[in-house]
Amino acid sequence: MLNEDLKNEVDKARERLLKQLEQVADKTIILRSSDLKALYQRIAQLPEDQRGFFGQAVNQLKNELTQLISEHREAESALPTVDVSAPFALNSQFNRRPGLFGAELGSCHPLSRELGLILSIFRSMGFSAIESREIDDDWHMFGALNFPVGHPARDDYDTFMTEQTDKDGLPLIAPAHTSSMQNRVIARYKENLAKNEPIAVVIPGRTFRNEDVDARHEHTFYQVEGVYIDKGVNIGNLIATLRTFLQSYFGNDKLSVKTQPFYFPFTEPSLEFSLSCPFCNKQGCSICSFSGWIELLGCGMVHPNVLKEAGVDSKEYQGFAWGMGVERLIMMKYGIEDIRHFESSKLSFLRQFSAGGEA
Ligand SMILES: [Zn+2]
């Protein structure tokens with residue numbers, strides 16, 4: 001056999017072995033491959049004068065393969081160690097902390113967004129805003145508002161109480177209305193009156209009632225209370241203030257309002273305030289139960305006893321107050337059919353109010 005033929009034989013085996021080397025994960029397996037074994041067995045089968053030449057070629061091939069395997073091993077060990085406990089891909093090609101997620105992935109809750117809008121309208125009308133509290137005492141919830149102990153109207157405000165008690169031994173209360181803040185804001189701002197300035201405050205807050213929950217009733221909901229005290233205030237000012245707010249909030253200056261007598265211990269007279277249906281312009285639709293009107297909130301002239309409890313002379317000053325349900329306003333504005341959506345954390349509901357949605 002010619003040396004050239006022998007060389008070809010080794011070259012062909014080399015080609016196959018290099019190909020295999022690329023493909024296998026454990027490179028050392030190549031040194032035990034049947035191809036290489038066959039070459040070594042072949043040495044013994046050749047005539048003596050050819051063995052030297054062939055053996056050398058086979059050894060060269062084996063050395064080449066060994067060299068390639070060790071180069072590969074070195075390249076592998078040069079990779080950085082993987083920290084499997086890292087909170088992000090520490091050794092990824094990016095090798096850096098992830099950036100903040102884009103703000104478009106989250107959105108403001110519709111209650112926060114609409115509450116912000118409501119307060120900005122009242123601020124533009126000259127009102128200050130003070131947040132309500134989520135736990136209060138019996139006196140602020142009832143006593144300061146002309147509901148003495150035993151007053152039957154207390155039964156209309158069925159809410160949650162704690163085992164902890166106030167200084168009179170009465171349980172602390174999760175407020176059923178933001179009116180529990182009236183005494184505080186009148187007392188806090190009564191110096192305004194001495195300076196010939198009105199008390200004009202809105203009080204947003206979370207309120208609680210022991211309700212049977214359904215599409216129109218929640219145990220937890222938001223109210224915005226309003227209090228305005230000055231000399232010469234009358235019920236026409238109350239109606240004009242609320243109408244101006246509602247026309248601005250609904251972006252509809254054709255909205256009309258109507259009132260009918262109601263009863264609250266802390267206002268005299270007390271009124272129930274209705275708004276012409278913004279969906280049908282008084283023509284009647286399912287949202288307004290085909291009446292053309294939607295009952296919206298309770299309001300009235302501040303009772304003299306409430307002014308007296310806060311240290312304001314009720315002969316000199318008068319005022320009005322209201323409490324309105326925030327969810328109800330938002331539901332009317334956007335045609336939302338179920339109040340429970342607000343506390344449900346349903347993304348399909350919340351994402352309708354994300355940036356880029358209806359503003
Ligand atoms: Zn309607």
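**Figure 1. Burial and overall dimensions of the predicted chain.** Buried residues make up 28% of the 359 residues of the chain in this predicted model. The radius of gyration of the chain is 41 Å, whereas a compact globule of 359 residues would have one near 21 Å. Along the principal axes, the C-alpha atoms occupy a box of roughly 135 × 55 × 40 Å. Ten helices and nine strands are present in the chain. Among contacts with a separation of 6 or more, 63% join residues 24 or more positions apart.

**Figure 2. The two assigned domains.** The domain assignment places residues 3-77 in domain 1 and residues 106-353 in domain 2. Taken over C-alpha atoms, the centres of domain 1 and domain 2 are separated by 90 Å.

**Figure 3. The nonpolar cores.** The largest nonpolar core comprises 55 residues. Ile 186, Ile 199, Val 201, Val 227, Ile 229 and Cys 299 are the residues with the most contacts inside this core. Six residues of the core come from strand E4 (residues 199-208), which gives the most to it. A second, separate core has eight residues, including Leu 17, Leu 39, Val 58 and Leu 65.

**Figure 4. The surroundings of Ile 229.** Neighbours within four places in sequence are left aside in this view. The remaining contacts of Ile 229 are with Ile 186, Leu 193, Pro 198, Ile 199, Val 302, Val 312, Tyr 317 and Gly 319. Ile 186 and Ile 199 are also listed, together with Ile 229, among the residues with the most contacts inside the largest core.

**Figure 5. The seven-stranded sheet and helix H7.** An open sheet of mixed pairing is formed by seven strands in the order E1-E4-E5-E9-E8-E7-E6. Strand E1 (128-129) and E6 are its edge strands, each pairing on one side only. Helix H7 (residues 235-250) packs on the sheet, where it touches strand E5 (220-230), E6, E7, E8 and E9. The direction of H7 makes about 120° with that of E6.

**Figure 6. The hairpin of E6 and E7.** Strand E6 (residues 257-264) and strand E7 (residues 267-276) run antiparallel and are joined by seven bridges. The two strands form a hairpin, with two residues between them. Within this pairing, Val 257 stands opposite Leu 275 in E7.

**Figure 7. The pairing of E8 with E9.** Five bridges link strand E8 (residues 293-302) to strand E9 (residues 318-325) in the antiparallel sense. Leu 297 has Met 324 in E9 as its bridge partner.

Note on methods. Residues are numbered from 1 along each chain as its sequence is written. This is a predicted model: local features need pLDDT of at least 70, side-chain atom pairs count only at pLDDT 80 or more; totals for chains, interfaces and linings use all residues. Helices (H or I, at least four residues) and strands (E, at least two) are DSSP runs, numbered from the N terminus. The radius of gyration is taken over C-alpha atoms; the globule rule is 2.2 Å times the number of residues to the power 0.38. A residue is buried if 20 or more other C-beta atoms lie within 10 Å of its own, exposed if 12 or fewer, and partly exposed in between; C-beta atoms are placed from the backbone. Two residues are in contact if their C-beta atoms, placed from the backbone, lie within 7 Å. A nonpolar core is a set of buried Ala, Val, Leu, Ile, Met, Phe, Trp, Tyr and Cys residues joined through C-beta atoms within 7 Å. Two strands pair if DSSP finds at least two bridges between them. Domain bounds come from an automatic or database domain assignment. Axes are lines fitted to C-alpha atoms, for helices over the stretch in contact, and angles run from 0 to 180 degrees between N-to-C directions.
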